[in-house]
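This report describes the fold of one protein chain for a reader who is new to such models. Please look at the sequence and the structure before reading on.

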Amino acid sequence: MPIVAVEYTYSEATAAARDEVRPDHRAWLSGLVDSGVVLTTGPFADGSGALILVAADDVAAARSLFTNDPFARAGLVEAARFTEWLPVMGQFSDR
């Protein structure tokens with residue numbers, strides 16, 4: 001199954017609201033980790049966004065799935081980039 005890199009960009013203006021919604025966002029992601037859809041996830045160290053690697057049929061399927069993210073539903077994602085990723089070495093290359 002293809003891997004899609006989901007890159008979120010956040011705005012400093014929504015930081016407080018993200019803090020409030022973060023428990024729901026992480027619970028939603030956790031369910032996707034448990035089901036094998038989300039391979040790994042985490043924020044950028046500078047707080048500007050996050051990277052989420054997703055097993056999905058294609059970019060359109062990943063984009064559709066992420067409309068359910070509590071951050072997205074609350075309008076807390078400034079921008080989201082969805083890119084199919086083709087790992088050639090390392091942990092995800094044998095998928």
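A nonpolar core is a set of buried Ala, Val, Leu, Ile, Met, Phe, Trp, Tyr and Cys residues joined through side-chain atoms within 4.5 Å; buried means under 20% relative accessible area, exposed over 50% and partly exposed in between, with a 1.4 Å probe and protein chains only. The model is predicted, so local features need pLDDT of at least 70 and side-chain atom pairs count only at pLDDT 80 or more, while totals for chains, interfaces and linings use all residues. Residues are numbered from 1 along each chain as its sequence is written, and side-chain values use heavy atoms, with hydrogens and water left out.

**The core**

The largest nonpolar core has 19 residues, and Val6, Tyr8, Ile52, Val54 and Phe66 touch the most other members. β1, α1 and β3 each give two or more residues to this core, and the largest share, four residues, comes from α1. Helices (H or I, at least four residues) and strands (E, at least two) are DSSP runs, numbered from the N terminus. Contact means heavy atoms within 4.5 Å; beyond four places in sequence, Tyr8 touches residues including His25, Phe44, Phe66 and Val77.

**The sheet**

Four strands form an open sheet in the order β2-β3-β1-β4, with antiparallel pairing. Two strands pair if DSSP finds at least two bridges between them.

| Strand | Residues | Note |
|---|---|---|
| β2 | 38-43 | edge strand |
| β4 | 79-85 | edge strand |
| β1 | 3-9 | seven bridges to β4 |

Thr9 stands opposite Ala79 in β4.

**The helix α1**

Which strands does α1 lie across? Helix α1 (residues 15-34) lies across β1, β2 and β3 (49-55). Its buried residues are Arg18, Val21, His25, Trp28, Leu29 and Leu32; they pack against β1, β2, β3, α2 (59-65) and α3 (70-73). The expected span of a helix is 1.5 Å times one less than its number of residues. The 20 residues of α1 should therefore span 28 Å, and the end C-alpha atoms are 27 Å apart, which agrees. Just after α1, Gly36 takes a positive phi of about 85°.

**The residue Val37**

Val37 is found in the loop between α1 and β2. Val37 counts as partly exposed because its relative accessible area is 21%. Val37 and Ala55 are 18 residues apart in sequence, yet their C-alpha atoms are 5.0 Å apart in space. Leaving aside neighbours within four places in sequence, Val37 is in contact with Leu32, Leu53, Val54, Ala55 and Leu65.

Note on methods:
Axes fitted to C-alpha atoms, helices over the stretch in contact; angles between N-to-C directions.
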